[in-house]
Structures are given as structure tokens and as C-alpha cells.
Amino acid sequence: PEVKDVSIAIVHEYSDTYNTHDWNAYIINEKSVDLEMVIVVTKGYSEDKETATFRKKIEVLPAKSFAKTEMLLEDVLSINNVFNLTFFQNNSLFEKSFEFRKNSINEMALQKIPLMNIKGVLRS
């Protein structure tokens, strides 16, 4: 089935822990139903570079909510970053891939992110 009303956002936000501004990835569920067994698999790549694969599992992502999946280091913003998402909704399996092309995550690309009341770079 086609994935609708689920997005990946990369936001630039302040970290009180480290006193820095970090780029963080979030999954956003704009649906009116919960997502179950959510798995996000990310990888960065270019012609001559490749990052390690990162996996994040979320048991339940409630309706109309969002969850942080990872922090992105500045180094990976200059390469392509792919987020592969798999989840169950009403006992059906859904999959979708979201790609952030190299250098597309930057201050100039920021837009309002639904549900989060913050600006970031969004892929739907």
C-alpha cells in the first residue's frame, strides 16, 4: 500500500546537553491512527564514501505525533542520505524510502514542519 501522511524531517535545533546546534532526524506521523513496529534504516553515500547503516525501532508511534530517530553529523550533510521506513498500520505492512540529496540539508532549505512547530527540511 502507498504510504501517506508520514514524513521524515531533518531539523536544526539547540542541544542543551552539549550547548551546540545539531541536525536531528524525526519521523512524523500525521495519520489519525498509530503506527506499530516502526523501523527506520538510514545510510549515507556518495561515489567514494559510505556511512555505517543505522537502525532505529519504535514500538508505537502514536497518531499525530513525532519521534527523534538520530542526530546527523555535519560531515554527512555533504553526501546523500536515505531513510528507509517500514511499519505496520492496521495489520498491513508499509514501506517507503525518503532521500535527502547531498547538500540539500541546509539553512536555506528550511520550511515549517507539520506537528512540530519548528523549521526543518522535509521529505514526504
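Buried means under 20% relative accessible area, exposed means over 50%, and partly exposed lies in between, with a 1.4 Å probe and protein chains only. Arg101, at 47% relative accessibility, therefore counts as partly exposed.

This is a predicted model, in which local features need pLDDT of at least 70 and side-chain atom pairs count only at pLDDT 80 or more, while totals for chains, interfaces and linings use all residues. Residues are numbered from 1 along each chain as its sequence is written, and side-chain values use heavy atoms, with hydrogens and water left out.

**Exercise 1. Salt bridges**

Find how many salt bridges there are, and classify the accessibility of the partners.

Step 1: apply the rule. A salt bridge is a side-chain nitrogen of Lys or Arg within 4 Å of a carboxyl oxygen of Asp or Glu. By this rule there are 3 salt bridges.

Step 2: take Glu99 and Arg101. Their closest N and O atoms are 2.9 Å apart. Glu99 is partly exposed at 29% relative accessibility, and Arg101 is partly exposed at 47%.

Step 3: turn to Lys57 and Glu59, whose side chains meet at 2.7 Å, N to O. Lys57 has a relative accessible area of 47% and is partly exposed; Glu59 is partly exposed, at 47%.

Step 4: finish with Glu50 and Lys43, which form a salt bridge at 3.1 Å, N to O. Here Glu50 is exposed, with a relative accessible area of 60%, whereas Lys43 is partly exposed at 27%.

**Exercise 2. Aromatic pairs**

Describe the geometry of the pairs Tyr26 with Phe66 and Phe83 with Phe100, and place each ring in its strand.

Step 1: set the cut-offs. Rings of Phe, Tyr and Trp (its six-membered ring) pair if their centres lie within 6.5 Å; planes under 30 degrees apart count as stacked, over 60 as edge-to-face and the rest as tilted. The count by this rule is 3 aromatic pairs.

Step 2: read the pair Tyr26 and Phe66. The centres are 5.9 Å apart with 75° between the planes, an edge-to-face arrangement. Strands are DSSP runs of E with at least two residues, numbered from the N terminus. Tyr26 is in strand 2 (residues 20-29) and Phe66 in strand 5 (residues 65-72), so this pair ties together parts that are 40 residues apart in sequence. Tyr26 is buried at 9% relative accessible area, while Phe66 is partly exposed at 36%.

Step 3: do likewise for Phe83 and Phe100. With ring centres 5.6 Å apart and planes at 75°, the pair is edge-to-face. Phe83 belongs to strand 6 (residues 80-89) and Phe100 to strand 7 (residues 92-100), 17 residues apart. Both Phe83 and Phe100 are buried.

**Exercise 3. Nonpolar cores**

Step 1: define the set. A nonpolar core consists of buried Ala, Val, Leu, Ile, Met, Phe, Trp, Tyr and Cys residues joined through side-chain atoms within 4.5 Å.

Step 2: look at the members. The largest core has 25 residues, and those that touch the most other members are Ile10, Ile27, Val38, Leu72, Phe83, Leu85 and Phe87.

Step 3: check for another core. A second, separate core has 7 residues, including Val11, Tyr26, Met116 and Leu122.

How values were computed:
Helix = DSSP H or I, 4+ residues; strand = E, 2+ residues; numbered from the N terminus.
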